[in-house]
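Trainee: I have a structure open and would like to go through it with you. Could you help me read it?
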Amino acid sequence: MQVDKYFIVSWYRGFGITEIIFLAVFLVLYAAYLWRVIHIAKTLKTSFINIFIKVFFRTAVFLLLIISLLGPS
């Protein structure tokens with residue numbers, strides 16, 4: 001299978017230590033946030049399904065921000 005040269009993305013920059021640190025901090029804080037929300041929802045006996053929808057959209061925005069900052073050329 002041959003890949004067309006127009007579908008290959010040439011990145012301006014790669015992932016550096018700064019991006020990896022920010023990604024790790026983001027994941028740790030989001031895991032803590034999710035645990036807290038689920039714990040509170042179970043305590044109040046309410047649904048927490050809508051939180052996962054919000055997490056999906058926020059994660060998508062974060063990933064798009066990283067892609068835009070790394071700058072595909």
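Mentor: We shall go through the helices, the core and a few single residues in turn. Please keep in mind that this is a predicted model.

Trainee: Understood. How many helices and strands are there in the protein chain?

Mentor: The secondary structure of the chain comes to 2 helices and 0 strands. Helix H1 covers residues 17-44, and helix H2 covers residues 49-70.

Trainee: How far does H1 reach from its first C-alpha to its last?

Mentor: H1 has 28 residues and reaches 40 Å, which is close to the 40 Å expected at 1.5 Å a residue. Just after H1, Lys45 takes a positive phi of about 55°.

Trainee: And what is the reach of H2?

Mentor: H2, with 22 residues, reaches 32 Å from its first C-alpha to its last, close to the 32 Å expected at 1.5 Å a residue.

Trainee: Which residues of H2 are buried?

Mentor: They are Ile51, Val55, Phe62, Ile66 and Leu70. Seen down the axis of H2, these buried residues fall within an arc of 75°, so they line one face of the helix. On the other side of H2, the exposed residues are Ile49, Asn50, Phe56, Phe57, Val61 and Leu64.

Trainee: What covers the buried residues of H2?

Mentor: The cover includes H1. In turn, what covers the buried residues of H1 includes H2. The buried residues of H1 are Glu19, Phe26, Tyr30, Leu34, Val37 and Ala41.

Trainee: Let us turn to the core. Which residues make up the largest nonpolar core?

Mentor: That core has 9 residues: Phe26, Tyr30, Leu34, Val37, Ile51, Val55, Phe62, Ile66 and Leu70. The elements that give two or more residues to this core are H1 and H2. H2 gives the most, with 5 residues. As general background, nonpolar side chains tend to be buried together in soluble globular proteins.

Trainee: What share of the chain's residues is buried?

Mentor: Buried residues make up 16% of the 73 residues in the chain. The chain exposes about 6,500 Å², and carbon and sulfur atoms supply 73% of that area.

Trainee: A new topic: aromatic rings. How many aromatic pairs does a search of the whole structure find?

Mentor: The search finds 4 aromatic pairs. One of them is formed by Phe26 and Phe62, and this pair is stacked, at 4.0 Å centre to centre with 10° between the planes. The pair links distant parts of the chain, since Phe26 is in H1 and Phe62 is in H2, 36 residues apart.

Trainee: Why is Phe62 counted as buried?

Mentor: Phe62 has 18% relative accessibility, and buried means under 20%. Phe26 also counts as buried, at 18% relative accessibility.

Trainee: What else does Phe62 contact, leaving aside its neighbours within four places in sequence?

Mentor: Phe62 is in contact with Phe22, Leu23 and Phe26. There is also a cluster, in which ring pairs link Phe26, Tyr30, Tyr33 and Phe62.

Trainee: One last residue. Where is Gly14 placed?

Mentor: Gly14 is in the segment before H1. Gly14 is partly exposed, with a relative accessible area of 48%. Not counting residues up to four places away in sequence, Gly14 touches Glu19 and Leu70. Gly14 and Leu70 are 56 residues apart in sequence, and their C-alpha atoms are 6.8 Å apart in space.

Trainee: What part of the contacts with a separation of 6 or more comes from residues 24 or more positions apart?

Mentor: Such residues account for 69% of those contacts in the chain.

Definitions and conventions: Residues are numbered from 1 along each chain as its sequence is written. This is a predicted model: local features need pLDDT of at least 70, side-chain atom pairs count only at pLDDT 80 or more; totals for chains, interfaces and linings use all residues. Side-chain values use heavy atoms; hydrogens and water are left out. Rings of Phe, Tyr and Trp (its six-membered ring) pair if their centres lie within 6.5 Å; planes under 30 degrees apart count as stacked, over 60 as edge-to-face and the rest as tilted. Helices (H or I, at least four residues) and strands (E, at least two) are DSSP runs, numbered from the N terminus. Buried means under 20% relative accessible area, exposed over 50%, partly exposed in between (1.4 Å probe, protein chains only). A nonpolar core is a set of buried Ala, Val, Leu, Ile, Met, Phe, Trp, Tyr and Cys residues joined through side-chain atoms within 4.5 Å. Contact means heavy atoms within 4.5 Å. The expected span of a helix is 1.5 Å times one less than its number of residues. The arc is that of the directions from the helix axis to the C-beta atoms. Accessible areas come from the Shrake-Rupley method with a 1.4 Å probe; for residues, only the protein chains shown count as cover.
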